[in-house]
Each structure stands twice: as C-alpha cells, then as structure tokens.
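Take a look at the sequence and the structure below. Then read on for a short tour of its pockets and one of its helices.

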Amino acid sequence: MKNDPLPVLDWPLMNNNITREDVARLIEFLSARETPILTQSSHVRAFEEEWSRWLGVRHSVFVNSGSSANLLTLHALREMAPGGEIIVPPLTWVSDIAAVLHAGFDPVFVDIDSRTLGMNNEAVLAAITPRTRAVFVTHVLGYNALGEGFAQELARRGIPLIEDVCESHGARHGDGRLLGSVGFASNFSFYYAHHLSTIEGGMVCTNDDDFVELIRMARSHGMVREMRSAEKKATWAADWPDLNPDFIFSMPAFNTRSTEINAVIGRSQLPRLDANNAIRSRNLRVFLETLDPRRFQTDFAVENSSNYAFTLLLRHPDTELRGRIEAALRAMKVEFRRGMSGGGNQLRQPYLRKKFGEKFRDFPVVEHVHFFGYYIGNYPDLEPENIRVLCRALNAC
C-alpha cells in the first residue's frame with residue numbers, strides 16, 4: 001500500500017465562509033438607498049445585540065479584528081488596575097501575548113494539557129501569586145480549555161478569567177454554557193476562515209456594565225460619548241466642565257471600529273452558525289475515529305467541541321514519520337500548518353526570545369506540539385469519505 005499512488009484531494013487549509021447568500025444581503029443593503037451609512041451604525045449595534053443573545057451574555061462590542069478584541073480587553077483591564085501578571089499559554093495566537101505586553105503586564109506561561117491543547121488547569125492554579133491580575137485562557141482549535149470547577153476556583157480567588165474564543169465559536173463548557181460566556185470577558189475573531197466570518201472582525205463580550213463601557217471608549221479613541229450610560233457621560237461632563245462633552249478623551253486609546261458592511265455579513269451568517277458547527281463536529285469525529293491511535297493522538301476532549309480545523313498530533317516524537325506525513329500531505333495537495341495554533345510554542349518566537357531567552361524548553365507538552373503537531377482545514381462542505389481517504393493514507397505512512 002505504501003507504494004500505491006496517493007490520491008490528489010485538492011484540500012485547502014481554509015474555505016471562505018462568505019456565501020452568495022451573504023453577498024446578496026450585502027448588495028441589498030448597499031442598494032437600499034442612494035447613500036447608505038457605511039461606517040459603524042445601526043447594523044453594528046444590531047449584530048452586537050444578536051451575538052449577545054446567541055452567546056448568552058449582556059454585552060458585546062464589535063471591532064475590526066480578533067487581535068483588536070485582545071488589545072482592547074487588556075487595555076481596559078489595565079484601566080481598572082494597572083500592572084501585575086497575566087497567566088497565558090505558550091500555545092496561542094501572537095496577539096494574545098502582544099496584548100499583554102502592550103498593556104504593560106508581565107506574561108506568566110503555563111504548559112498545556114495534551115487533550116484540550118489549552119493550559120493545564122492545575123498548573124495555572126499553582127502559578128497564581130499576589131501579582132496575578134488575570135488568567136487569559138485560549139480555547140485552541142475548538143476545544144474547551146476549562147476543566148470542571150476551574151472557573152469557579154478562579155472566581156473564589158478573585159482572579160478574572162479572560163477567554164480567547166477566536167478559534168472555538170459554539171464550543172461549550174461542561175455545564176452547557178457556550179465558551180465565551182463563562183469568564184469575566186471573552187474575545188472572538190471573525191477572520192474569513194473561522195466559524196463565522198465578517199471578512200475581518202472581532203467581538204469583546206462581557207456581563208460587566210462598567211467594563212463594557214471601557215471597551216466602547218477604547219474602541220473609539222477613548223471618547224466618553226461612546227458610552228451607552230447617560231449617567232456616566234453626565235458625570236464625565238460635570239467633572240470636566242471646560243471640555244465639549246462630545247470631545248472628552250478618557251484614556252489614550254485606539255480606533256478599532258468596524259463597518260456596517262462587516263456587520264451585515266455577520267448578521268447574515270449568524271443564523272446558520274450552529275448548523276455549520278454541527279457538521280464540523282461530525283467531520284472531526286470521522287477524522288479521529290479513522291486515524292491510527294498507535295501513531296496519532298486521537299483522545300482529544302471532543303465533547304462539546306467546535307473545530308474549524310483537524311488536529312493531527314503524532315503520538316510520539318518521530319522525525320522520520322513526520323517527514324513521510326508532510327510528504328504525503330503535499331503529494332495529496334492537502335494544505336497544512338505545523339505547530340497547531342499560532343505556529344507552535346510562542347516562546348520560540350523572536351519577540352519573546354529577546355525577553356525570555358531559552359525558557360521555551362520548560363514546556364515539554366507545547367514543545368511536542370510545536371514539532372509534531374499540525375492542523376488541517378475542516379469546513380462544512382467536506383465529504384466524510386474524503387476525510388477517511390486522507391486518514392487511511394496517513395495511517396499508511
């Protein structure tokens with residue numbers, strides 16, 4: 001079998017989620033009147049409200065990317081209490097760590113759990129010190145990183161939980177709540193290949209009435225007029241009577257607003273998100289059930305997961321097998337990325353090597369994923385039989 005020609009699958013890493021239906025909705029919006037408002041307006045607000053209802057939170061703030069959602073969340077956290085440490089995973093997207101650094105916090109790294117690819121919960125609790133300001137969890141590639149009782153223990157200790165759900169729309173905690181509704185705040189990305197796409201875009205979500213006002217101001221130059229609370233705006237105006245109330249800047253902030261165009265696309269996609277996620281979950285089960293468990297890890301924590309990518313992880317370090325797998329994937333024209341989320345161990349990246357040196361060696365689970373882990377695209381129009389064909393070829397490497 002190893003000498004048989006491999007099938008060509010023409011399998012891209014990502015498929016654009018934006019459909020003709022979404023384009024039609026956008027054309028309808030653009031054609032509705034001669035000069036439609038294109039910058040942030042009523043559709044942005046409607047998308048925020050619809051997303052909040054879907055997720056089960058009080059507040060959502062639409063921004064121009066998931067990275068901006070990270071940035072604003074950490075910036076607002078700094079406004080509440082500057083300085084201290086944020087516990088973070090070394091397996092995540094660069095913008096999570098960059099946001100921590102930009103906000104002036106010190107990142108403290110904790111190794112991951114190989115079944116969830118998220119931070120080892122017990123190790124997180126052991127890493128908490130009097131300087132710990134928050135725990136910033138990444139739900140990697142659709143898996144739930146929150147073990148039973150973990151969020152409750154953080155709350156008992158007074159440590160805010162920030163959830164990065166950029167790769168895990170629709171995944172659930174063990175108690176049934178959607179990820180992103182469990183912690184103090186959460187971030188989502190609507191990049192074009194994610195579960196829901198607005199081309200580019202992101203969301204900050206929270207149940208905290210004060211925190212969301214900080215996010216709204218931070219999104220738009222720190223302007224007080226961006227707050228929804230008339231009472232809070234009146235307080236600012238009274239405290240700064242020499243300023244025009246329309247131009248009070250409460251903090252040095254950003255412009256990360258999105259547009260009506262992005263919001264229209266998001267509103268068009270949201271009604272089909274759950275159905276598409278169910279197909280992706282079915283695809284993942286087919287993938288993991290067909291892989292050889294002697295060669296590949298197949299016991300990921302798939303219950304309540306929502307994966308837009310297949311996680312392919314060698315059971316044991318084996319550079320020769322890795323070479324054969326990569327050659328097979330290229331021969332089958334199956335696009336892949338080595339290192340899983342964010343390209344693997346962030347502590348190996350130049351921006352962190354300058355600060356932490358060789359500390360990447362302290363995280364053996366992430367190190368294994370860095371060198372022997374991959375992700376492959378998973379989208380709703382994949383045929384299950386093609387998934388099985390791919391797995392049989394990988395098993396034969």
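The model is a predicted one.

**The pockets**

| Pocket | Volume | Lining residues | Lining by class |
|---|---|---|---|
| Largest pocket | about 450 Å³ | 28 residues | 9 nonpolar, 13 polar and 6 charged residues |
| Second largest pocket | about 390 Å³ | 19 residues | 5 nonpolar, 8 polar and 6 charged residues |

Start with the largest pocket. Trp93, Glu167, Tyr191, His194 and Tyr308 lie nearest its centre. Helix H3 (66–80), helix H4 (94–102) and strand S9 (336–338) each give the lining at least two residues. H3 supplies the largest share, with 3 residues.

Now the second largest pocket, with a volume of about 390 Å³. Thr116, Asn144, Leu146, Gly147 and Ala301 are the lining residues closest to its centre.

**Helix H11**

Helix H11 runs over residues 319–331.

Which residues of H11 are buried? They are Leu321, Arg322, Ile325, Glu326, Ala328 and Leu329. These residues cover an arc of only 160° around the axis, so they sit on the same side of H11. The face turned away from that buried side carries Glu320 and Arg330, which are exposed.

Several elements cover the buried residues of H11, including strand S8 (309–313), S9, helix H13 (364–372), strand S10 (373–377) and helix H14 (384–395).

How values were computed
Residues are numbered from 1 along each chain as its sequence is written. This is a predicted model: local features need pLDDT of at least 70, side-chain atom pairs count only at pLDDT 80 or more; totals for chains, interfaces and linings use all residues. Side-chain values use heavy atoms; hydrogens and water are left out. On a 1 Å grid over the protein atoms alone, a cavity is a set of points where a 1.4 Å probe fits but cannot get out, and a pocket is an open set with protein on both sides within 12 Å along at least five of seven lines; lining residues have an atom within 4 Å of a point. Grid points are joined across faces, edges and corners, and a volume is the space filled by probe spheres set on the points. Helices (H or I, at least four residues) and strands (E, at least two) are DSSP runs, numbered from the N terminus. Ala, Val, Leu, Ile, Met, Phe, Trp, Tyr, Cys and Pro count as nonpolar, Asp, Glu, Lys and Arg as charged, and the others, Gly among them, as polar. The expected span of a helix is 1.5 Å times one less than its number of residues. Buried means under 20% relative accessible area, exposed over 50%, partly exposed in between (1.4 Å probe, protein chains only). The arc is that of the directions from the helix axis to the C-beta atoms. Contact means heavy atoms within 4.5 Å.
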